[in-house]
Amino acid sequence: MPNFSVPKYYAGMRASPERNFRLFWLGYTLSMFGDFLVPAALALAVVRATGSAGALALVLGCAAVPRLLLLPLGGVLADRWQPRRVALVADWVRAAVQLAVGLELVGGVFRLTDLAVAGVISGAASAFALPTRSALIAATVPATGRARANGLLGISTSAARVLGPGAAGALILTIGPGWAFVLDAATFVVSALALLAVRIAALPAAARRPVHRDLVAGWSELRRHDWLWTSLIGHAAWNLASAVLLTLGPLIAVRQLGGEAVWVATLQAGALGLLAGSLLAVRTGGTGRFRLRIARPVLAANLALSLYALPLALLAAAAPAPALLVGYALALAGLGFLNPVWDTAVQQHIPADRLSRVSSYDMLLSFGAMPLGYAVAAPTAAAFGNAVPLLLAAVLVLVCTAGTAAVPGVRRLGAAPAPAPATGEPGSAAATAGPEPAETAAAR
């Protein structure tokens, strides 16, 4: 794993930030790999046993709904009870659930009810784990190293996305889908053990308030940064458009562009583009002559995200397969670049004691738009043809992502040290300080 520089004033710490990040990176990478094993194994297990798409949708929905609904509460608990503690509990819960499902399938037993219940528990645990990621990075990596650290995590995610399904296929075809769940459980155990070995200073104990006041405080923190909430509108539009593309894309590829192999190649091109974008993002946190210096990182990342309009337009025109592959690779490269750059910006500009709550709202707003895309894509295409929803989605992405260039906070935002924890209640000076001051152009 590539190294990242550590300021000299950290040299006297009992556990260096470099060691802490290596441990966090190890656990995160393995758990991500396990997560990309499971979808293919789950799909095959359900289809083999029931032959029903409705049964598969039920199991997937049992995981997705609690994940979305409980994300804000997960952010509250992470800010109250320390993000590492919440992440550890979530890892152990998910390890137990995946192990139980895996052993059941390995033993030749299939119960749809068990899979549905496991999906609910696992989805709920994910809702508590996901908001802790940014807070753990902020706690383990100095501000000067976060861009590089987030880039490395982006590379890990992209590599897991490429390698995970292939490994799942090998397991399914040789020893059965149940072992993919067992392996996923093992990755959560390793992740928990790595987190236990991380040494980080605890955040100051948060004042005990009603949960709804903590939720309001997190929402107020999000709203007071114009660069944050306007960018999230763009991210939500991207996810809605992604759902439209993933719904209509396979049909167009199979019927008009050459068959199933074209769609498989398109997804692989996207995975490679995602990895390339993550590699590029690492250079924004590097050192030396090859460092990529970006004065306005959030603006650059949002403009990169607008590339998703390209494959949408190409599909609408039923463009030749090679053009679609290139367009989708470029679009996912934009996503691969955005994710680490965005994570770094949020970690640098949001107070540590509210970071998990803001992250939970970030994910809720971004991912919550996907079900709408899935719901409207097919009916709109049936009524007006495939080109209409695809072109509307392309315009939506362009307007909502590239349009953030008109927002003063997006144009001005550069890099800055992470702010001190906020202590004010909603309505206090700390919570209503207004937009952040403009950063200097040479900050990044």
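This is a predicted model: local features need pLDDT of at least 70, side-chain atom pairs count only at pLDDT 80 or more; totals for chains, interfaces and linings use all residues.
Q: Which residues of H3 and H5 meet?
A: On the H3 side they are Pro83, Arg84, Val86 and Ala87, and on the H5 side Thr132, Ala135 and Leu136. Sorted by class, the contact of H3 with H5 has five nonpolar, one polar and one charged residues.

Q: Where is Pro131, and is this residue buried or exposed?
A: Burial is read from relative accessibility, and under 20% counts as buried. Pro131 sits in the loop between helix H4 (112-129) and H5. Its relative accessibility is 0%, so Pro131 counts as buried. Leaving aside neighbours within four places in sequence, Pro131 is in contact with Leu71, Gly74, Gly75, Ser126, Ser356, Ser359, Ser360 and Met363. Pro131 and Ala87 are 44 residues apart in sequence, while their C-alpha atoms are 8.9 Å apart in space.

Q: What does Ser356 touch?
A: Ser356 lies in helix H14 (residues 355-367). With residues up to four places away in sequence not counted, Ser356 touches Gly75, Ala78, Asp79, Pro83, Pro131, Thr132 and Ala135. Ser356 also counts as buried, because its relative accessibility is 0%.

Q: How do H6 and H13 pack?
A: Read the angle and the axis distance together. Helix H6 (residues 146-174) and helix H13 (residues 321-349) have axes 8 Å apart and an angle of about 140 degrees. That angle makes H6 oblique to H13. H6 passes H13 in a right-handed crossing. Arg146, Ala147, Asn150, Gly151 and Gly154 in H6 meet Pro340, Asp343, Thr344, Gln347 and Gln348 in H13. Those residues divide into two nonpolar, six polar and two charged.

Q: Which residues of H12 are buried, and what do they pack against?
A: In helix H12 (residues 309-316) the buried residues are Ala309, Pro311, Leu312, Leu314 and Leu315. The buried residues of H12 pack against helix H9 (226-257), H13 and H16. After H12 comes Ala318, with a positive phi near 50 degrees.

Q: How far is Ala387 from Leu314?
A: Two distances apply, one in sequence and one in space. Ala387 and Leu314 are 73 residues apart in sequence, and their C-alpha atoms are 9.6 Å apart. Ala387 is found in helix H16 (residues 387-402). At 29% relative accessibility, Ala387 counts as partly exposed.

Q: What do the totals for the protein say?
A: The protein has 17 helices and zero strands. Of its 444 residues, 52% are buried. Among contacts with a separation of 6 or more, 86% are between residues 24 or more positions apart. The accessible surface is about 18600 Å², and 70% of that surface belongs to carbon and sulfur atoms.

Terms used. Residues are numbered from 1 along each chain as its sequence is written. Side-chain values use heavy atoms; hydrogens and water are left out. Axes are lines fitted to C-alpha atoms, for helices over the stretch in contact, and angles run from 0 to 180 degrees between N-to-C directions. Helices (H or I, at least four residues) and strands (E, at least two) are DSSP runs, numbered from the N terminus. Angles under 35 degrees count as roughly parallel, over 145 as roughly antiparallel, 65 to 115 as roughly perpendicular and the rest as oblique. A crossing is left-handed if the near helix is turned anticlockwise from the far one by less than a right angle, and right-handed if clockwise. Contact means heavy atoms within 4.5 Å. Ala, Val, Leu, Ile, Met, Phe, Trp, Tyr, Cys and Pro count as nonpolar, Asp, Glu, Lys and Arg as charged, and the others, Gly among them, as polar. Buried means under 20% relative accessible area, exposed over 50%, partly exposed in between (1.4 Å probe, protein chains only). Accessible areas come from the Shrake-Rupley method with a 1.4 Å probe; for residues, only the protein chains shown count as cover.
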